[in-house]
Amino acid sequence: MLVNLHIVNLALIDELDIDFNEGLCILTGETGAGKSIIVGSIGIGLGGKYDSNLLRDKDKDGLVELLFNVDEKLSQELSYEDIEITDGELLISRRLSKGRTVNRINGSTVTVSKLKQVAERLMNLHAQHEQRTLMVASKHLTIVDSYDAGIKSCLEEVRAAYQEYKDIDTKLASMQLDEAERAKQLDYISYEINEIEAAKLFPGEDDELEELFRKASNSHDIMEIMSEVHDITGYDSDRSAGSQISRAVQSIQSLSRFDDNAGDMIDQLSDIENLINDFNRNVSEYISDMEFSDDELLRTESRLNVINGLKAKYGKTIEEIQSNLEDLKKQKEELESYDDVIAELKVRSEEAYKKLEKLCDKLSDRRKKAAKKLCAAIADSLKELNFSKVEFDMKFSECEIGPNGRDTAEFMISTNVGEEVKPLASVASGGELSRVMLAIKSCLADTDDTPTIVFDEIDVGISGITAQKVGDMMKKLAQYHQIISITHLPQIAANADHAYVIEKTVESGKTITNIRELDEEGRVNEIARLLGGSNITDAVLSTAREMIEN
């Protein structure tokens with residue numbers, strides 16, 4: 001859930017810091033106090049667009065920080081996306097300057113798309129304009145798909161089958177060639193196969209040749225170095241290491257006549273002499289191996305040129321070249337047996353499409369059953385929200401098969417007796433859309449695992465008993481999610497588990513927006529203000545207390 005909101009230097013906010021709690025958190029305030037600024041700032045924090053004109057002080061950065069408590073399950077899921085959770089807390093931060101934003105999650109800089117991806121797992125923001133998504137029929141089927149967990153597996157089967165069908169269809173389309181084009185391709189592929197096979201490559205050959213070429217092309221320098229090493233360590237000169245150590249061995253052996261304990265030193269020096277001798281012999285063999293003829297160097301260079309030429313055309317490694325050779329042989333075989341391959345592809349295409357159709361039918365059946373159940377639940381929820389004579393349904397139709405099946409669907413509604421159901425987008429008013437969206441959210445509460453939901457003035461266009469029912473529904477929804485909502489209505493505010501007031505004050509000649517949590521007496525006074533405006537009487541205060549108690 002959201003535990004803290006921190007805003008700096010945005011619009012009427014100098015600096016705001018507020019802690020939130022579980023359950024239903026209600027925000028109220030006078031018109032113009034800055035409620036929209038706070039919700040807008042939350043939207044910016046979740047990755048939304050921002051206008052640099054929002055900066056209160058143009059010479060300073062703005063800042064929005066959202067601190068969330070994250071449970072173990074969500075922490076594990078986010079860890080797969082390289083988001084490290086520390087002590088069950090996740091901090092989203094967006095620093096806003098004149099021309100850019102810096103986005104961070106737990107101190108690590110991320111792209112705005114990554115921030116949005118993570119934010120969607122933590123919070124849903126439903127501003128007034130976002131309720132209009134219910135006006136888009138293409139969004140309705142997504143709601144049904146999220147309602148029934150079994151639809152997900154059906155949808156995955158359809159997408160896999162669709163991809164299989166498209167792959168075959170693409171292959172079939174690519175092979176639709178006339179005789180001349182087919183002969184041309186066959187001739188070119190045959191040339192490529194012959195070119196690779198003629199090289200007679202074997203794995204690792206290029207590495208061996210490159211090492212050999214490096215030695216051969218630098219053999220003169222290598223010979224000079226190793227000849228010097230051989231002279232220093234050998235026996236050709238009295239001053240060479242081998243010669244001097246050999247004399248030392250002869251001298252130290254006479255020491256045994258005078259000291260019985262000298263054996264260890266004699267053995268050590270003998271070992272050194274043996275090592276020098278072995279090393280010198282190895283150097284001699286190495287020098288012999290460095291003797292390359294000009295023809296040998298030329299052959300090595302020529303072979304490398306052949307291999308590198310093939311790499312430029314057929315793959316970066318010999319293994320890739322050989323793999324491409326196998327692909328070319330398959331292509332050649334297909335072109336040589338063109339009619340048979342085309343016939344086989346057509347059969348496979350038909351079979352794949354029939355399989356896809358069956359899976360689409362299965363998906364459609366599942367969706368229609370889920371839609372019937374969901375629409376009934378939404379209708380019941382709408383009745384709880386004072387739609388006394390509501391009918392709610394979903395109209396399905398078929399379209400061309402795609403990765404999401406063959407269904408198009410949209411919600412249908414009738415709010416009056418005797419009226420037939422019509423598309424939701426053409427019937428519902430703004431206030432009705434708010435309640436439909438709330439009803440949908442209520443019905444999806446069990447399947448929607450987003451911890452926090454923010455409602456911006458969900459009470460638009462409603463009043464009286466309807467407002468009371470909306471408040472009751474939000475209270476019920478708060479059993480599954482942390483709910484943060486702005487409202488103007490006392491019937492909704494009275495349901496709050498935690499109440500906050502947004503205020504606008506003048507300090508040092510500047511207008512400032514702030515927010516604070518209300519105590520019990522503060523809640524009574526704020527609901528009384530919503531009920532009676534500036535004329536708060538004892539009767540209004542008594543009504544406010546009664547609303548909170550009830």
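Strands β6 (residues 101–105) and β7 run antiparallel and are joined by 2 bridges, and Thr109 in β7 is the bridge partner of Arg104.

## Basis of the values

Residues are numbered from 1 along each chain as its sequence is written, and side-chain values use heavy atoms, with hydrogens and water left out. Because the model is predicted, local features need pLDDT of at least 70 and side-chain atom pairs count only at pLDDT 80 or more, whereas totals for chains, interfaces and linings use all residues.

## Salt bridges

Side chains of opposite charge can pair when their charged atoms come close. With a salt bridge defined as a side-chain nitrogen of Lys or Arg within 4 Å of a carboxyl oxygen of Asp or Glu, the count comes to 24 salt bridges. One of them joins Glu205 and Arg303, at 2.7 Å from N to O; Glu205 lies in helix α7 and Arg303 in helix α11 (residues 294–314), so the pair ties together parts that are 98 residues apart in sequence. Glu205 is buried at a relative accessible area of 6%, while Arg303 is partly exposed at 22%, where buried means under 20% relative accessible area, exposed over 50% and partly exposed in between (1.4 Å probe, protein chains only).

Within helix α10 (residues 263–289), Asp278 and Arg281 are 3 residues apart, which means a separation of about one helical turn, and the closest N and O atoms of their salt bridge are 2.6 Å apart. Both are partly exposed, Asp278 at 35% relative accessibility and Arg281 at 42%. A further salt bridge, with closest N and O atoms 2.9 Å apart, is formed by Glu503 and Arg516; Glu503 lies in strand β14 (residues 498–507) and Arg516 in strand β15 (residues 510–517), so this pair links parts that are 13 residues apart in sequence.

## Surface patches

Asp207, Glu208, Glu210, Glu319 and Glu320 form a negative surface patch, to which α7 (205–217) and α12 (318–336) each give two or more residues. The largest share, 3 residues, comes from α7, the helix in which Glu210 is placed; Glu210 is partly exposed, with a relative accessible area of 32%. Patches are made of residues with over 30% relative accessible area and no salt bridge, like charges being joined within 9 Å and nonpolar side chains (Val, Leu, Ile, Met, Phe, Trp, Tyr) within 5 Å. Asp and Glu count as negative and Lys and Arg as positive, with His and the chain ends not counted, and the place of a charge is NZ of Lys, CZ of Arg, CG of Asp or CD of Glu.

A nonpolar surface patch is formed by Leu255, Phe258 and Met265, which together have about 320 Å² of accessible area (Shrake-Rupley method, 1.4 Å probe, only the protein chains shown counting as cover for residues). Leu255 sits in the loop between α9 (241–253) and α10 and is partly exposed at 31% relative accessible area.

Technical notes: Helices (H or I, at least four residues) and strands (E, at least two) are DSSP runs, numbered from the N terminus. Two strands pair if DSSP finds at least two bridges between them.
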